[in-house]
Amino acid sequence: MDSRERLTDIPEDAYDGDRSPPDLAEFVSPESLLKGGPIRERLLDVVTGLRTPTKVSDIADLADCDTETARDYLEWFDEMGLVHRQDGRPVRYERNDEYFQWRRINRIRENYAEREIVEALSDAIEQIEDYRDQFDADDPNDVSLVEASQDMTTEDAWEDLSEWKTLERRAALLDAARRDHPTSGSTPGHIDA
């Protein structure tokens with residue numbers, strides 16, 4: 001760098017303002033990228049994210065399709081068990097958590113041998129036991145983050161408790177997958193390690 005040049009000097013090859021700006025209409029809009037794809041896929045994406053009963057028109061808006069198309073697909077999803085229909089005015093739909101839980105368990109069964117499932121379950125239970133010893137509690141929800149932060153940073157305690165909760169859910173899924181017939185309609189819960 002020349003001693004007379006300063007960091008704030010404009011380089012000679014910098015944009016001089018003579019070129020025309022790009023035509024933004026030529027680019028694909030971010031909205032179309034997010035809402036592209038087949039209607040069925042977009043509706044399925046919306047349905048998997050529903051946490052509360054939602055009107056058909058709101059689901060159609062989220063999936064960027066017309067209400068009648070959304071209604072037809074939602075009736076089909078209801079027949080398949082993906083959603084629960086709540087009759088009334090207006091009709092509302094919500095995600096069927098049991099269906100998605102069943103799919104996760106079924107995928108574990110399809111992709112892993114029973115021995116692999118048991119090994120993964122044993123590993124998860126061992127880690128859960130370590131967290132129980134570390135926090136002197138049986139459940140991560142029994143641990144006060146304020147009290148746990150006295151022995152470690154709050155962030156570390158929060159990460160450990162979050163990992164513990166994840167391990168509890170993983171162990172419950174693996175245990176359900178290990179059994180051939182999990183209780184119908186039940187969701188995996190706490191594992192007694």
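The legends below describe close-up views of one predicted protein model.

In this predicted model, local features need pLDDT of at least 70 and side-chain atom pairs count only at pLDDT 80 or more, while totals for chains, interfaces and linings use all residues. Residues are numbered from 1 along each chain as its sequence is written, and side-chain values use heavy atoms, with hydrogens and water left out.

**Figure 1. Helices and strands of the protein.** The protein has eight helices and three strands. Both are DSSP runs numbered from the N terminus: helices are H or I with at least four residues, strands are E with at least two. Along the sequence the pattern reads α-α-β-α-α-β-β-α-α-α-α. Of the 193 residues, 27% count as buried; buried means under 20% relative accessible area, exposed over 50%, and partly exposed in between, with a 1.4 Å probe and protein chains only.

**Figure 2. Helices H3 and H4.** The axes of H3 (residues 56-63) and H4 (residues 67-80) come within 9 Å and cross at roughly 105°. Axes are lines fitted to C-alpha atoms, for helices over the stretch in contact, and angles run from 0 to 180 degrees between N-to-C directions. H3 is therefore roughly perpendicular to H4. Angles of 65 to 115 degrees count as roughly perpendicular, under 35 as roughly parallel, over 145 as roughly antiparallel, and the rest as oblique. Val56, Ser57, Ile59 and Ala60 of H3 make the contact with Thr67, Ala70, Arg71 and Leu74 of H4, where contact means heavy atoms within 4.5 Å. These residues divide into five nonpolar, two polar and one charged. Ala, Val, Leu, Ile, Met, Phe, Trp, Tyr, Cys and Pro count as nonpolar, Asp, Glu, Lys and Arg as charged, and the others, Gly among them, as polar.

**Figure 3. Helices H2 and H3.** The axes of H2 (residues 39-48) and H3 come within 9 Å and cross at roughly 120°, which means that H2 is oblique to H3. On the H2 side, the contact is made by Arg42, Leu43 and Val46; on the H3 side, by Ile59, Leu62 and Ala63. Five of the contact residues are nonpolar, none is polar and one is charged.

**Figure 4. The largest nonpolar core.** This core has 20 residues, and those with the most contacts inside it are Ile108, Phe135, Val143 and Trp164. A nonpolar core is a set of buried Ala, Val, Leu, Ile, Met, Phe, Trp, Tyr and Cys residues joined through side-chain atoms within 4.5 Å. Helices H5 (97-111), H6 (114-135) and H8 (154-178) each supply at least two of its residues, and H8 gives the most, with nine. Leaving aside neighbours within four places in sequence, Ile108 is in contact with Ile117, Leu173, Leu174 and Ala177. Apart from this core lies another, of 18 residues, among them Val56, Ile59, Val83 and Phe100.

**Figure 5. Helices H5 and H8.** The axes of H5 and H8 come within 9 Å and cross at roughly 65°, so the two helices are roughly perpendicular to each other. Gln101, Arg104, Ile105, Ile108 and Arg109 of H5 meet Leu173, Leu174, Ala176 and Ala177 of H8 in this contact. The contact residues divide into six nonpolar, one polar and two charged.

**Figure 6. Isoleucine 125 in helix H6.** Isoleucine 125 lies in H6 and counts as partly exposed because its relative accessibility is 24%. Isoleucine 125 and alanine 172 are 47 residues apart in sequence and 9.8 Å apart in space, C-alpha to C-alpha.
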